[in-house]
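Thanks for coming. I will go through one model this morning, starting with a pair of helices and then moving to the sheet and a few backbone details.

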Amino acid sequence: MVADLFQGESERTFAEDYPLARRMTPRDLSEFVGQEHILGEGKILRRAIESDRIRSLILCGPPGSGKTALARIIAHRTQAAFETLNAVTSGVKELRELITAAKQRKQVSGKRTIVFIDEIHRFNRTQQDALLPDVESGSIILIGATTQNPFFSIVAPLLSRSQIFQLDPLNEEEIEAILRRALDDKERGFPGKQIEVTQDALEHLVRYANGDARVALNGLEIAVLTTPPERDGRIVITREVAEESIQKKAVVYNGTGDDHYDTISAFIKSLRGSDPDSALYWLAKMLDAGEDPRFIARRIAIAAAEDVGNADPQALVVANAAWQVCEFIGMPEAQIPLAQAAVYVATAPKSNASYVGLCKAKSDVREEGTIPVPRHLKDASYPGSKRLGRGEGYRYPHEYDDAVVEQFYGVENGRYYSPTDRGYEAKIARRLADIRRKIEENRSEQD
């Protein structure tokens, strides 16, 4: 029923066949690296752990940031019973059995039970709802760990009953400190081995871990285990060995969570902000992480219409062409037209006047009385329409000079669309001004 995530840890035994990342799990807060914003001296989570006053909480953050390590520290520190579940392998049955045992324990001995659920976002709504009564009553204290945004993946009633702590990716100095501790620890690191790691090899492991301590430790372990010792017994880890141990940088990106939404948001804002370099960086990150190129193409097309608009109508044409090419050729070649379209949209003059005008019109449609269609604009294409007066008085613009004639179309001129003086839209502004000037001249002549 209960996962063995913490089994045997109370004896502080660390078999050498355990992965290095597991062996180097911090045993207490003094060994924990990073997350000073929630675990620094005097911070609320540190105080709660040290005083054994943990209440239900959700730990959210990217892989390798220390969520499970924190849970292990709490397990060692607390006087409460500590039970664990993994949301991938456990269901409602296991959950109910655990809660029943927790209730019995509290009735018999008064002892609290902390339940740690790893990857809690994988519990469906029914499973999460099953936790609510017992979290509410205090029968269990919940600690949930998730790589997802809890406001998207955890039901609101459970969130309202829990404290939420955001863990950040570890910085390079913190990752290096963790690696050096593993090299220096003769008990849990590499006992019996004499290891030398060059600085550039260490920097490569740190940089390519990309904030994930587990990736860094796994890379170091592979390097040590696969490098033959020198004649004097030393194992020397060079930059070349490190590169072979971590051949691809770990891109922090989840296609359905915060990384997905945050990265595409940064991409769109870079396009809007006329920064092609940043746009290309976020594009590269998404492509490298396996984002659907069609999704990216759709966002470029939206930006071309919303943010460039009529300041450069060609931007939408380029974006649409890139979208179609993506459909035709797929990856990896699709990244080429995506880059072209992204740069075009980023460097194009900007105007959101069309979109702003639409938003104003939609607001009026929803909040004000609906304007009836003027009689002269109504459909007059069917038999009998003239008997109803439909289309009566309509002036066909092409029968007039420059296809311009004074005529009311339902809304006064300039109410919604205010063209800018940027790019092609400046030409549109001049055209509209010219049309209105001619209408005024014709009106003066008629008067």
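Let me start with helix α10, residues 199–209, and helix α11, residues 213–226, which pack at about 145 degrees with their axes 8 Å apart. On terms: helices are DSSP runs of H or I with at least four residues, strands are runs of E with at least two, and both are numbered from the N terminus. Axes are lines fitted to C-alpha atoms, for helices over the stretch in contact, and angles run from 0 to 180 degrees between N-to-C directions.

Before going on, the ground rules. This is a predicted model, where local features need pLDDT of at least 70 and side-chain atom pairs count only at pLDDT 80 or more, while totals for chains, interfaces and linings use all residues. Residues are numbered from 1 along each chain as its sequence is written, and side-chain values use heavy atoms, with hydrogens and water left out.

Which residues make the contact? From α10 they are L205, Y208 and A209, and from α11 they are V215, A216, G219 and L220; contact means heavy atoms within 4.5 Å. These residues divide into 6 nonpolar, 1 polar and no charged. In that count Ala, Val, Leu, Ile, Met, Phe, Trp, Tyr, Cys and Pro are nonpolar, Asp, Glu, Lys and Arg are charged, and the others, Gly among them, are polar.

Next, the sheet. It is open, has 5 strands in the order β2-β3-β4-β1-β5, and its pairing is parallel; two strands pair if DSSP finds at least two bridges between them. β2 (81–86) and β5 (163–166) are at the edges with a single partner strand each, so one side of each has no neighbour in the sheet. From one strand to the next, the twist averages 15 degrees.

The partner of β2 here is β3, residues 113–118, joined to β2 by 6 bridges. Within β3, I114 stands opposite F82. Helix α4, residues 67–77, lies across β1 (57–60), β2, β3 and β4 (141–146), and runs at about 165 degrees to β3.

Now the backbone details. M331 and P332 are joined by a cis peptide bond, with omega about 10 degrees. P332 sits in the loop between α16 (314–329) and α17 (335–347).

E119, in the loop between β3 and α6 (125–137), is not a glycine but has a positive phi, near 55 degrees. Is E119 buried or partly exposed? At 25% relative accessibility, E119 is partly exposed; buried means under 20% relative accessible area, exposed over 50%, and partly exposed in between, with a 1.4 Å probe and protein chains only.
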